[in-house]
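Biologist: Can you take me through this one? Start with the terms you use.
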Amino acid sequence: MLYRRNLVLYILILSISSLPLLGQNRADSLLNLLLEAEKTEKIEILHKLSNYYISSDGTKALKYTNEAIRLSEELNKPAEKATALKNTGNAYFYLGRYRLAEESYLAAISIYEHLGNLDGAAKIYNNLGVINSRLGNYDKSLEYYQRSLNIKEELNDKKGIAATANNIGEIYKFKGDYQNALLNYQKSYKLKNELNDRQGMASSLNNLGEIYSLWGDYEKAIDYYLKANSLWSEQENLHLISVSYHNIGDLYYKLNNQKLAQKNYLKALETQTRLKDRNGMIHSLKNLGDLYLKSGNYDKAEQCFIKAITYARELEDKTAIASILNYFGKLHIEQEDYNVAIKYFNQSLAINEELGSQYGIAVSNNLLGNVYKELGKYKLALRHYHASLDIANSINNLNLIKDNYGGIALTYQAAENYRDAFNNYMLFQEIKDSLLTEQKFKQISELETKYQAEQKEKEIKLKDIELEKKETEIQQRKFQRNALLLGILLIFMLALAIYRSYREKQKANIILSRQKAEIEEKNKEITSSIRYAKNIQNALLPHPDFVKELFPDSFIFYRPKDIVSGDFYWFAESENYNYVAAVDATGHGVPGAFISLLGFNLLNTIIKENPDIGAAEFLNKLNIGFSKRMYKSYEKEALQDSMDLALCRIEKSGKQLEYAGAYNPVWIARKGEMIIHKADKLSIGSSIEYPDRQYTSHSISLNKGDMIYLFSDGYADQFGGPRSKKFMYKKLKELLLENCLKKPSRQKEILNENLINWKKDLEQIDDILIIGIRIK
């Protein structure tokens, strides 16, 4: 997908927030005024200070908005409170905390509507549309934008109408409705042109360029992009200039000019890095990684993809996450690791289906078609290609249509169905030709003109030939005789070549048989070593008797994907507390097992050196210790390995539990309800990148009969069921809650039975770990 989405949202927020541009000296002056001002005057100064810091220091901005809210409530000034809540929402937006931004906006809009402030309400509706678009809630976003548009049309607010029409165009684009997107972008551009809004015009021109690029009309697309770049250069807006560089890079990429594509992507990334624009960096890194992938530089490609998906997950950008998962899948196809590729493509497909992104669903299906073709599963490949083709036709995306026809043709060819292979290849070639550059079109036109002229000359010559038909018949017979002799000679030579090839193939088969035997022997040795490693890993895991001693009424459901596992469970005790952790290390198999050994060792070291340590402090020390061992040089060669876990410290009396988590929560089933305590979104291994982040401690009172659950993501992420979808946490919660009163040993059996029935013949995609403990 082209890079527009997040940058366009950035533009929209600027256009609706009315942020003043203050110098630092002015900010210092306001701070001095704040010390001397009366309470009423203080609110206005706090608004100005929060606006100044919103885009540069969101945390400081929140300090001023919270004080403004407090004073507004104290003085009973609802309009000022609404402004402060709006500014709070803006600050959370720039911090990437979209849920909190939405909560603040909803609180603000409630006040605006009560006061009858239509203009204020319209702006907040627009902001809510932006937030929901950012979160992938496109239908909800469209509903908020339409509310905003209705109010702005009632107020005859041309600037507001233009901004909201542009936003509505964005939603239609995400949904794959390019015609409606184009109409709204054109409406927005017309109004911005009337208002002489140069920056807004540039944004609309950029969006129009994207639509034509998606349609494959690159000449119009580049024209719009260059016009947008010119206007943004007038404004000296580095952020938006980086958008233009990226878009132009996309076009060169589609025209197979990788050198110019890389040049423009690097220009965009350089600017985005200076501006600390992680939204932009996600897309530039993703596309640079794709270029490295095509050139065979897999290590650099993987580094780009890892950085991109890390930023995307921090920002909860589901659209970007889905796109990057596809690139991870492509990387594994190139490395012939097809099953892992399928895992990534299915994860991407699930997210796109959740978002309702027609383009994303089509891309994921196309890629699944590619990998099943490589595996020789031609029926599955064709099913995914046709699913992608149907959507591509409905949204008129020529590039996807071309790619699907190409994939279908190759699949039929591999299946030795040459007629259908030829038919689909011709369709592929037809679409491919329609996507050529203008220069190619001119060359084709010239060739066509030349061809037509030659045809006319041939018609004239044919009339002359008819008059000389008798004379030429003899020459034709001679030609046929010579051709027959030549054909016999060619067949003899071909037979000789086939015979030689057959002899060479026999020799090659003998060599391959020897090599196969050697490889099988090596595989046996490797498998034997891995099985020995499994024995070592199992020896490190807590003995069942020790677990039962700490928690007599408990179970551990543990299913490694491979021989060795990246998931592991850990139990320990001190004088006053029992400890339990469910840990999910990066990956599975041998790499995951190595990470798990390091994690297990660190956990034991920390508890030995710090008896009775609290859960949050435990994770802080684990984070630091793991990071120091895994990071060589943060700036250049940082290893992207990490651990997610849930850790509980439980009083031996069973009355109190202290929990801290890195992405993994703890669930407590109590009286028919599942109580969920959420984890911090901070993996173990991130202390160098985020040195100031600390884990949160949750103190929880326990009741007799409570059932505590800790787990990794393997069970919820397992594909299966009638539609081959993920099991998901919702179903897991329902399953555990339905059976929480049964004996733990029976709960374990039910989890196993359900897993077998769910995945059936599908491959287990990850290690699985669930721990259940009943409080006596």
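Modeller: Buried means under 20% relative accessible area, exposed means over 50%, and partly exposed is in between, with a 1.4 Å probe and protein chains only. The model is predicted, so local features need pLDDT of at least 70 and side-chain atom pairs pLDDT 80 or more, while totals for chains, interfaces and linings use all residues. Residues are numbered from 1 along each chain as its sequence is written, and side-chain values use heavy atoms, without hydrogens and water.

Biologist: Why does Y425 count as partly exposed?

Modeller: Because its relative accessibility is 42%. Y425 belongs to helix α22, residues 418–434 (helices are DSSP runs of H or I, at least four residues; strands are runs of E, at least two; both are numbered from the N terminus).

Biologist: And Q347, buried or exposed?

Modeller: Buried, at 12% relative accessible area. Q347 sits in helix α18, residues 338–355.

Biologist: What does Q347 touch?

Modeller: L325, F719 and K726, leaving out residues up to four places away in sequence. Contact means heavy atoms within 4.5 Å.

Biologist: New topic. What is the strand order in the open sheet?

Modeller: The order is β2-β3-β4-β5-β8, 5 strands with antiparallel pairing; two strands pair if DSSP finds at least two bridges between them.

Biologist: Which strands stand at the edges?

Modeller: β2 (567–573) and β8 (698–701); each has a single partner strand, so one side of each lacks a neighbour in the sheet.

Biologist: How many bridges join β3 and β4?

Modeller: 9, in the antiparallel sense, between residues 577–585 of β3 and 643–651 of β4. V583 has L645 in β4 as its bridge partner.
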